[in-house]
Amino acid sequence: MRRRQKITTNDFKFKIKKAMEIIQNRYLQRATRDEGMEAEWRDKKLYPLLGMLLLSILFYLNLGNNLISFPILWQPQMDFVSANSTHFIIVNAGAAAESQSTFYINGWNSYWLMQESVWGGPSRSRVSKMLQRGAQMGLTVCRTWAFNDGHGPNALQISPGVFNERVFRGLDYVIVEARKHGIRLILSLLNNLNNFGGKAQYVRWAQEAGINASSTDSFFSDPIIKDYYKAYIKAILSRKNTLSGVKYADEPAIFAWELMNEPRCASNSSAPILQAWITEMAAFVKSLDQKHLVTVGLEGFYGLHTTRGLEVNPGEWAASLGSDFINNSAIENIDFASVHAYPDSWLSQFSLNMI
């Protein structure tokens, strides 16, 4: 029989101490190894990631998140729209002329799309939702501004021929989103009013350059100012969309170019000058772009020399602004006419019983 070994108290304490030392040494070895692995992970992965994140935040805060954009790899198929003597037609390059389908306009006006698209986040989301809602309602065309002239924070053209790329990219976004939702755009190129710069801003630029432009009607006649406007047209039409890579002149989501929002003259004596200006600018647009339609942007007033129609103007004042719906719309390179109606202000003296 094996004799049981007698263990004294001192022996027990010694064994416990040795066991504790072994456990402690193993723990320290593992902790040292883990610490080394953790340090390696921090140095090779965590710190570089944090650095990239910080640089991205600084880039965003300084330049605006709209400059960080990704190209559109695919866009819905869309054909250009043309006009014959009575209808708008969809031009399918691969189809015979007799099989071209009629295009019916059912649309709305949202002048603010470019301004809202300058910044990302909720602003651009509002633009996308507006175009999506229009498509869901069966609308096909949206009219919006493609201008903002002057020195404001969201000005597209800061000075003649000098553009804010950040704002231009906002317009790029509007066009891409419109095509995404099957909406075509009427892009207005200038404002008659002072809002968003307008023709008055072009006159001020000319005056600052030493040109004797005494009134806003100089916009329609001064050759330097007309060159300013032509340069703007050329910059817009030749713009290559940073998202889609498509030139504006080749973009079927653009339905038409509008020369000016509601052109008027300070004096009715300038009516022939306005007529000549429309003729010249419509021909200039067509010389650069034969794929898109061109319209004036008229309110629809009849001029003093119109034999019929003066009685339907909203007031005698409407015939003294130099515009003439019939003559202005009959210019060769104007493809269709438009009418802007403001019954609440123009016809406020009438009641429904009088109509």
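**Figure 1. The hairpin of β1 and β2.** In this predicted model, strands β1 and β2 form a hairpin, with 4 residues between them. The two strands run antiparallel and are joined by 4 bridges. Within this pairing, phenylalanine 80 stands opposite valine 91 in β2.

Figure 2. Strand β2 (residues 88-91) is paired with β3 in the antiparallel sense over 3 bridges. Isoleucine 90 faces serine 101 of β3 as its opposite residue.

**Figure 3. The five-stranded open sheet.** A further open sheet has 5 strands in the order β4-β5-β8-β9-β10, with parallel pairing. Its edges are formed by β4 (107-109) and β10 (293-295); each has a single partner strand, so one side of each is left without a neighbour in the sheet. From one strand to the next, the twist averages 25 degrees. The parallel pairing of β4 with strand β5 (residues 141-145) extends over 3 bridges. Tryptophan 108 has cysteine 142 in β5 as its bridge partner. Helix α4 packs on the sheet, where it touches β5, β8 and β9, and its direction makes about 150 degrees with that of β8.

Figure 4. How far apart are the end C-alpha atoms of α4? The separation is 22 Å, which agrees with the span of 22 Å that its 16 residues should have at 1.5 Å a residue. Of these 16 residues, 13 are buried, so the helix is largely enclosed by the rest of the structure. At the start of α4, a side-chain oxygen of asparagine 164 comes to within 3.0 Å of the backbone nitrogen of arginine 166. The helix is followed by glycine 182, which has a positive phi, near 75 degrees.

**Figure 5. The largest nonpolar core.** This core has 61 residues, and those with the most contacts inside it are Tyr202, Phe219, Tyr229, Ile236, Trp257, Leu259 and Trp277. Its largest share, 8 residues, comes from helix α4 (residues 165-180). Another core lies apart from the largest one and has 10 residues, among them Val81, Phe88, Ile90 and Ala256. In soluble globular proteins, nonpolar side chains tend to be buried together.

**Figure 6. The surroundings of tryptophan 277.** Which residues does tryptophan 277 contact, leaving aside its neighbours within four places in sequence? They are Phe219, Phe220, Lys226, Tyr229, Leu259 and Met260. Phe219, Tyr229 and Leu259 are also among the residues with the most contacts inside the largest core, as is Trp277 itself.

**Figure 7. Aspartate 250 and its partners.** Aspartate 250 is placed in the loop between α6 (223-237) and β9. With a relative accessibility of 32%, this aspartate counts as partly exposed. Not counting residues up to four places away in sequence, aspartate 250 touches Phe80, Lys291 and His292. A polar contact of 2.9 Å links the side chain of aspartate 250 to the side chain of lysine 291. Aspartate 250 and histidine 292 are 42 residues apart along the chain, and their C-alpha atoms are separated by 8.6 Å. Phe80, which aspartate 250 touches, is the residue that stands opposite valine 91 in β2.

**Figure 8. Two loop residues with positive phi.** Phenylalanine 196 is located in the loop between β8 (184-188) and α5 (198-208). Its phi is positive, about 60 degrees, although phenylalanine 196 is not a glycine. Glutamate 262, in the loop between β9 (254-258) and α7 (271-288), is a residue other than glycine that has a positive phi, near 55 degrees. Is glutamate 262 buried or exposed? Glutamate 262 is buried, with a relative accessible area of 9%, whereas phenylalanine 196 counts as partly exposed at 26% relative accessibility. The cut-off between these two classes lies at 20% relative accessible area.

Methods. Residues numbered from 1 in each chain as written. Predicted model: local features only at pLDDT ≥ 70, side-chain atom pairs only at ≥ 80, totals over all residues. Heavy atoms only, no water. Core = buried A, V, L, I, M, F, W, Y, C linked by side-chain atoms within 4.5 Å. Buried < 20%, exposed > 50% of the residue type's maximum accessible area, 1.4 Å probe, protein only. Contact = heavy atoms within 4.5 Å. Pairing = 2+ DSSP bridges. Polar contact = N/O pair within 3.5 Å; in protein donor to acceptor, adjacent residues only side chain to side chain. Expected span 1.5 Å × (residues − 1). Axes fitted to C-alpha atoms, helices over the stretch in contact; angles between N-to-C directions.
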